[in-house]
Amino acid sequence: MAESRDNVSRRHFLRDGLWGTCLAGLGGIAGFLLSKSHRQNTVWQIDPYVCVACGNCATYCVLEESAVKCVHAYAVCGYCRICFGFFGPEPFDITEGAENQLCPTGAIKRTFVEDPYYEYTIDESLCIGCGKCVKGCNTFGNGSLFLQVRHDRCLNCNECSIAAACPSGAYKRVPADRPYLLKRVDPVRNNTAGRAPLRSRRFSNGVDHT
Amino acid sequence: MIRFGHIIVGVAVLLSLCAVVPAVERFPPPEFESGYERPSPTTPHPRQDIYEYIDVVVLLTALCLSSYLVLRNRSRRAIFILMVFSLLYFGFWRKGCVCPIGAIQNVVLSVFDRDYAVPIVVAAFFLLPLVFTLFFGRIFCAAVCPLGAIQDLVLLRPVSVPNWLESGLRLFAYVYLGATVLFAATGSAFLICRYDPFVSFFHLSGNLNIVILGACFLVVGVFIGRPYCRFVCPYGVILRQLSRVSKWRVTIAPDECVQCRLCEDSCPFGAIREPTADWPASEYNKSKKRLAFVIFLLPVLIFIGGWIGSGLRTVTSRMHATVRLAERVYLEENGKVEGTTDASSAFRATGKEVKELYAEASNIRAEFGLGGWFFGGFVGLVIGLKLVGLSVWRQRTDYEADRASCLACGRCFEYCPKEQVRLKKAKEAIGESQ
């Protein structure tokens, strides 16, 4: 009987010791996380200078209608009469007719500004984020059309399904108070295109703080 | 001749400039005379942070409430209501993200990636259920986890799983935890999020394969209680270990067990342990030998596991996008495949050296080699400890809920006649006062 009581107390002692160790361990983890944690949350965003407009954004998002939409940096736009983001590869005519348009949903509006300039605006309710116009504009134009995660739609999944499918590694986590990486006119920036170490510096300058 | 050479050099320089200077120079943005003003792109704001703090408060409240309901109130109905609330709030309303299960990966990544900082909300989601488990057992699983809740709802025809099968399948959860840590540490993928079977139900849309996976879990879950929680959930693995030493625990009987055996078959998760007799003298020596053998086997198992895990680095490292890309580019460079993929053409567009990519990929593969030793060693250790556990004789005098396996759902309470007495007394007392 004495032996069994001794046994029980030893077991209790071990259990209490383990319990204390676990609690201390959790405290340690908490301390580490607090020392490293960010008050700020992070959100997903596309680096427009790395994006290749492959079209995965339209299909891989967990939302039925992707959270990624095309955004137009008007300051970069050349206001071309013949826009390769707007017209298909071989348009029948240089008019706004549906048969001439590249966009599968007709989300780009083309309005006359003054000769020979035309303004192009994106109707976000129609845009599906396929990036066809982005590809056209990047290949032949100024690259003023680009894809961005729209944060009024994005669910901010812990692992973004599009990020997992992104072929160029354009998806990254950015601080929630600066959630967009917008294209801007900045000639200095252009000479460093494609070099990874400078890219981060570029964004500390190039990000629109909105 | 000199002049001609100069021209050639000049043209070459100009051409190379054209190649480097990107599109912005193609059509200079015009200056308008008609007074047209350029609009600026809209930038809708992300969800307010305040909602995330509300999530933490709701989580904390739900954990407190769940502890009270399981350990003091002992009402299955109340636990069930809280569970449905958690499913609706954390699951369907907050779309199951961020959850404590997935937060494992953020925490691991923050340990291994210097630049990655865990948002404080995610840290709270990871730690709160662990701390509560250390005090009250797995009350998070009982009524707070939306993944557990959705499976608990479909559990209509529970069948019991034989013990050997249960233990065997449970090993998968440990392997999954190890793999999750390996892939999160190397920054390859968040495995838990990628293969979360129920998140597409919460989103009401998603990848077809994952929807099918989730549907399979739910169909199996009609008969086998909470298959994800028991055999897959990596967070459950951590909670199991912590609840082994928890301060308070679920008890089937409110006070003393009368060994009536009524609760024996009440647990759909196979977590009720029967009383066992004393260690039979004939078995004693045999078991002692077996235990010694298994303990000696332990380092061997760890080594074999680590060796296999490290040997698999070629396969496991393919989870990392850079390694996949390097392998593809290698095949293309050597003319072994025709054409390019999106990733390889995106890589070529950056103008980066192929050798640089190969070096990066082989570095990552080496990381996987080292990580594989830990991963495989962990799996070996788990298998070894399981064998040790099987060779140890546990003495029990009462029917008990297994500390590790009990999900604190509260189903067994009403089976206990002592509990009936307790409830009736409570009701009588209320009746008297009225």
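Helices (H or I, at least four residues) and strands (E, at least two) are DSSP runs, numbered from the N terminus. Residues are numbered from 1 along each chain as its sequence is written, while chains are lettered from A and ligands numbered from 1 in the order in which they are written. The model is predicted, so that local features need pLDDT of at least 70 and side-chain atom pairs count only at pLDDT 80 or more, whereas totals for chains, interfaces and linings use all residues.

**Backbone stops**

Most residues other than glycine have a negative phi, and most peptide bonds are trans. The following selections depart from this pattern.

Select A:Asp115 and A:Pro116: the peptide bond from the former to the latter is cis, with omega near -5 degrees. A:Pro116 sits in the loop of chain A between strand S3 (108-114) and strand S4 (117-122).

Next, select B:Cys97 and B:Val98, which are joined by a cis peptide bond with omega about 5 degrees. B:Val98 belongs to the loop between helix H3 (76-93) and helix H4 (100-112) of chain B.

Proceed to B:Arg226, in the loop between helix H11 (208-223) and helix H12 (227-231) of chain B. Its phi is positive, near 45 degrees. Is B:Arg226 buried or exposed? B:Arg226 counts as buried because it has 28 C-beta neighbours inside 10 Å; the cut-offs are 20 or more other C-beta atoms within 10 Å for buried, 12 or fewer for exposed, and partly exposed in between, with C-beta atoms placed from the backbone.

B:Arg261 also has a positive phi, of about 70 degrees. This residue is located in the loop between helix H13 (234-243) and strand S1 (272-273) of chain B. B:Arg261 counts as exposed, because 11 C-beta neighbours lie inside 10 Å.

**A helix pair in chain B**

Display H3(B) together with helix H7 (residues 146-154) of chain B; their axes are 8 Å apart and meet at an angle of about 125 degrees. Axes are lines fitted to C-alpha atoms, for helices over the stretch in contact, and angles run from 0 to 180 degrees between N-to-C directions. H3(B) is therefore oblique to H7(B), oblique being what remains once angles under 35 degrees (roughly parallel), over 145 (roughly antiparallel) and 65 to 115 (roughly perpendicular) are set aside.

Among the residues of H3(B) that meet H7(B) are B:Met83, B:Leu87 and B:Phe90; on the H7(B) side, the residues include B:Pro146 and B:Ile150. Contact requires C-beta atoms, placed from the backbone, within 7 Å.

Key
Two residues are in contact if their C-beta atoms, placed from the backbone, lie within 7 Å.
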